Amino acid sequence: MIALKCYLSLPVVAGALLVGLPYSVSLVAQWLYGWPNKPGYQKYIEALKPRRIYCLTRAVLEMLKYLQYGKLYFQWKLWYSNDRNNKHYVKGITFGRRGNKLDLYYSPNMGHSDAAPVPVVVFVYGGAWGSGDRSIYCLLALQMAKELNASVICPDYSIYPKGNVLNMIQDITDSLLWVREKGQTFNLDQDNVILIGHSAGAHLCALTTLFLVNNAEELLLETNEQRDLVSAIKGIIGLSGVYSIMDHYKHEKMRAVEYVSTMHKAMDGVENFDYYSPTSLLKKLNEDQLTRVPPVVLLHGTNDIIVPVESSVKFSELLTALSIRMSLYLIPKMNHTEMVTDLMASDRHFYHTVYGCIKQEYSKFQGYVD
């Protein structure tokens, strides 16, 4: 009798693991983050397709890898909330048309009364255009200020659903305006700005710059203001970035996450993918505008499954074809998350590798300062 019960229970357990668990995980994910964009009951038919169920379950379970960053989570939480660390930075400065906040991390030279104005790094975090907070990157900004001997600004921006991509690039533009208008108070070199972004943040850095180069009316700035901001940007460093929204959408479809992802929602639909793609914007610039695009550096891990390495490779090929100064670094065995987590502490595996690449290119940017 016991043997019979065991025999009968094995198929039940196997069925629960192979069918029940995947369907439960994927349906909860779709219920929380978005059903397929289909009319009526067809969205549920699409949601229940076996391929979507298993691919989406795999993508959700891959997120369990983030548990390995638990130590870093508590480290930055404690550091950011400790008032004794206020000597390293100014927290919660209001800027821009939407009253967002930014944090300014001091350069090691900031305390020297006779020091020349210091270069500025604006770090734009990622989060699929729908998540993220400046406090998460306090340790990264602290280390970046030390490694580059620069002041680092980490601004919040209007992530979806608070805002769309246009609002986000307006916010990044506003952080650049803040450097020009208020930077002298903190001894910042307002004409020596480097943009560094990760993932969606890398996309926003490139997109903001190209909107400025193109004198986009949507930024609601005078032409001379946009020209001044562009000339102040001495370089862009994209870490594991997205540069063609349509290509990334195809990658999301392959992983069956295109409906739970915030990307197409933040872009206001598929019809705007080209408009918000740096690759498409670059192709539309005239010769004069192309000469004003600052140098671009792309870093990407070869083990990245969130944003495939081809994103940076294809963008680098386009930049080269358009005679824009660029460098590409492909880092073996590095994944998407390690590109930022490993910049937060010197004992992380890829810390010296990534900062070595950044510092090499950063020194070149300083050579482009007029």
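Student: Which residues is Met144 in contact with, leaving aside its neighbours within four places in sequence?
Tutor: In this predicted model, Met144 is in contact with Val121, Phe123, Asn149, Val152, Ile196, Leu343 and Tyr355.

Student: And where does Met144 lie?
Tutor: You'll find Met144 in helix H5, which covers residues 138-148.

Student: Is Met144 buried or exposed?
Tutor: Met144 is buried, because its relative accessible area is 0% and anything under 20% counts as buried.

Student: How many residues apart in sequence are Met144 and Ile236, and how far in space?
Tutor: They are 92 residues apart in sequence, and their C-alpha atoms are 15 Å apart in space.

Student: OK, Ile236 then. What does Ile236 stand opposite?
Tutor: Its opposite number is Val296, in strand S7.

Student: How many bridges join S6 to S7, and which way do the strands run?
Tutor: Four bridges join S6 to S7 (residues 296-301), and the two strands run parallel.

Student: What about S5 and S6?
Tutor: Those two also run parallel, joined by six bridges, with S5 spanning residues 188-198.

Student: How many residues of S6 are buried?
Tutor: Seven of its seven residues are buried, so S6 (residues 233-239) is mostly covered.

Student: Let's zoom out. In what order do the strands form the sheet?
Tutor: The order is S1-S2-S4-S3-S5-S6-S7-S8, which makes eight strands in an open sheet with mixed pairing.

Student: Which are the edge strands?
Tutor: They are S1 (89-95) and S8 (326-331), each of which pairs on one side only. Going from one strand to the next, the twist averages 20°.

Student: Which strands does helix H15 lie across?
Tutor: H15, residues 351-367, lies across S3 (118-124), S5, S6, S7 and S8. Its direction is at about 175° to S8.

Student: New topic: helices. At what angle do H6 and H7 cross?
Tutor: The axes of H6 (residues 165-182) and H7 (residues 200-213) cross at roughly 75° and come within 9 Å. That makes H6 roughly perpendicular to H7.

Student: Which residues meet there?
Tutor: On the H6 side they are Val165, Leu166, Met168, Ile169, Ile172, Thr173 and Leu176. They meet His203, Leu204, Leu207, Thr208, Phe211 and Leu212 in H7.

Student: And how many of the residues in the contact of H6 with H7 are nonpolar, polar or charged?
Tutor: There are 10 nonpolar residues, three polar and no charged.

Student: What about H6 and H8, at what angle do they pack?
Tutor: H6 and H8 (residues 223-232) pack at about 85°, with their axes 11 Å apart. H6 is therefore roughly perpendicular to H8.

Student: Which residues meet in that one?
Tutor: Thr173, Leu176, Leu177 and Arg180 come from H6, and they meet Glu225, Asp228, Leu229 and Ala232 from H8. By class, the contact of H6 with H8 has four nonpolar residues, one polar and three charged.

Student: Now the rings. How many aromatic pairs does the count come to?
Tutor: The count comes to 15 aromatic pairs. One of them joins Tyr89 and Tyr105, which are stacked, with 5.0 Å centre to centre and 10° between the planes.

Student: Where in the chain are Tyr89 and Tyr105?
Tutor: Tyr89 is in strand S1 and Tyr105 is in strand S2 (residues 100-105). They are 16 residues apart, and their pair links distant parts of the chain.

Student: Are those two buried or exposed?
Tutor: Tyr89 is buried, with a relative accessible area of 3%, and Tyr105 is buried at 1%.

Student: What sort of aromatic pair do Tyr275 and Tyr276 form?
Tutor: That pair is edge-to-face, with 5.2 Å centre to centre and 65° between the planes. Tyr275 is partly exposed, with a relative accessible area of 31%, whereas Tyr276 is buried at 5%.

Student: Last one! Which residues do ring pairs link into a cluster?
Tutor: Trp79, Tyr80, Tyr89 and Tyr105 are linked into a cluster by ring pairs.

Definitions and conventions:
Residues are numbered from 1 along each chain as its sequence is written. This is a predicted model: local features need pLDDT of at least 70, side-chain atom pairs count only at pLDDT 80 or more; totals for chains, interfaces and linings use all residues. Side-chain values use heavy atoms; hydrogens and water are left out. Buried means under 20% relative accessible area, exposed over 50%, partly exposed in between (1.4 Å probe, protein chains only). Contact means heavy atoms within 4.5 Å. Axes are lines fitted to C-alpha atoms, for helices over the stretch in contact, and angles run from 0 to 180 degrees between N-to-C directions. Angles under 35 degrees count as roughly parallel, over 145 as roughly antiparallel, 65 to 115 as roughly perpendicular and the rest as oblique. Ala, Val, Leu, Ile, Met, Phe, Trp, Tyr, Cys and Pro count as nonpolar, Asp, Glu, Lys and Arg as charged, and the others, Gly among them, as polar. Two strands pair if DSSP finds at least two bridges between them. Rings of Phe, Tyr and Trp (its six-membered ring) pair if their centres lie within 6.5 Å; planes under 30 degrees apart count as stacked, over 60 as edge-to-face and the rest as tilted.
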